[in-house]
Amino acid sequence: MIAPSHVSHGVELGLGLLEIGKPWGHVPTPVPDEEQALRFLEFAFESGIRYFDTAASYAVAEQRFGRFLRTLDARQRAEVTVATKFGEHWDFERNEPYVDHGYDALARSLERSLELLGPIDVLQLHKPTPEVLASGDLERAWELARSCGVKVVGPSVSDLESARIACESGLYQMMQLPLNSASPKFLEIAALAHARGLYVAVNRPFAMGALLYEAGPAAAQERRVAALEFILKVPLHGIVLTGTKSPAHLTENHAAFVEAKRRATAAAVLRYH
């Protein structure tokens with residue numbers, strides 16, 4: 001099982017937490033403070049978001065998300081899917097990320113994530129390469145993760161070769177990948193992952209915002225719907241990660257997702273008939 005039973009077959013909307021940890025996006029803006037981040041996470045949960053994706057390299061995002069998780073009662077916590085990553089880490093002294101796929105670094109990262117978050121549902125390898133995917137250090141790290149109760153593992157890919165190797169390995173239950181209409185090169189990989197039964201987490205659905213605002217703010221919502229519809233027409237079982245720290249943007253993304261799903265479903269019905 002990829003996630004708690006509330007995650008239905010098909011594609012749902014999830015939340016990427018990078019922006020509550022460090023600046024990011026088409027036009028990076030300041031990170032919210034601790035209390036603002038907590039209120040935003042509460043808003044996301046109240047809005048129906050149940051899949052949250054974070055990473056060790058998102059600076060303070062795991063810490064803040066962990067604080068939010070501790071505010072939930074047992075029933076609420078059971079509804080949440082906690083997904084995080086190791087392999088890329090955050091240097092708090094230099095205020096920058098770095099990559100280390102050695103066993104010791106992966107083990108330390110996993111230990112810290114478990115301390116901050118509690119139980120982890122989905123663990124992903126950040127910045128994989130073909131060499132790393134074949135390494136004994138990674139194999140040992142996955143074994144450690146499973147011994148700590150992690151049931152679902154897979155890579156968060158950014159290159160086609162690593163993605164194909166991971167799909168064909170038979171070792172993983174999921175994969176995270178970038179997919180949007182401006183950069184559709186992962187369409188074939190998404191199809192392969194679906195054929196192999198992998199759960200797929202789609203990141204960068206709006207190309208870091210570039211797809212939304214090139215035609216001006218007035219056109220942003222329709223472009224948002226179109227961007228999501230592009231993804232929802234791809235055969236997938238998984239989650240689309242909307243990366244935001246703004247309640248207003250999350251509300252817009254949710255409304256766009258609902259409309260995009262309606263259009264994609266209608267288009268599928270027409271094709272069938």
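## Contacts along the chain

Among contacts in the protein chain between residues at least 6 apart in sequence, what percentage join residues at least 24 apart? The figure is 74%. Keep in mind as you read that this is a predicted model.

## Overall build

Looking at the chain as a whole, you can find eleven helices and ten strands. Along the principal axes, its C-alpha atoms fill a box of roughly 50 × 45 × 35 Å.

How does that fit with the length of the chain? A compact globule of 273 residues would have a radius of gyration near 19 Å, and the protein chain has 18 Å, so the two agree.

Of the 273 residues in the protein chain, 53% are buried. The accessible surface of the chain comes to about 12,500 Å², and carbon and sulfur atoms account for 55% of that surface.

## A pair of helices

Next, find helix α7, residues 160–169, and helix α8, residues 187–195. They pack with their axes 10 Å apart, at an angle of about 10°. Because angles under 35 degrees count as roughly parallel, α7 is roughly parallel to α8.

Which residues make this contact? From α7 come L160, A163, R164, C167 and E168, while α8 brings E188, I189, L192 and A193. Sorted by class, the contact of α7 with α8 has six nonpolar residues, three charged residues and no polar ones.

Terms used
Residues are numbered from 1 along each chain as its sequence is written. This is a predicted model: local features need pLDDT of at least 70, side-chain atom pairs count only at pLDDT 80 or more; totals for chains, interfaces and linings use all residues. Side-chain values use heavy atoms; hydrogens and water are left out. Axes are lines fitted to C-alpha atoms, for helices over the stretch in contact, and angles run from 0 to 180 degrees between N-to-C directions. Helices (H or I, at least four residues) and strands (E, at least two) are DSSP runs, numbered from the N terminus. Angles under 35 degrees count as roughly parallel, over 145 as roughly antiparallel, 65 to 115 as roughly perpendicular and the rest as oblique. Contact means heavy atoms within 4.5 Å. Ala, Val, Leu, Ile, Met, Phe, Trp, Tyr, Cys and Pro count as nonpolar, Asp, Glu, Lys and Arg as charged, and the others, Gly among them, as polar. The radius of gyration is taken over C-alpha atoms; the globule rule is 2.2 Å times the number of residues to the power 0.38. Buried means under 20% relative accessible area, exposed over 50%, partly exposed in between (1.4 Å probe, protein chains only). Accessible areas come from the Shrake-Rupley method with a 1.4 Å probe; for residues, only the protein chains shown count as cover.
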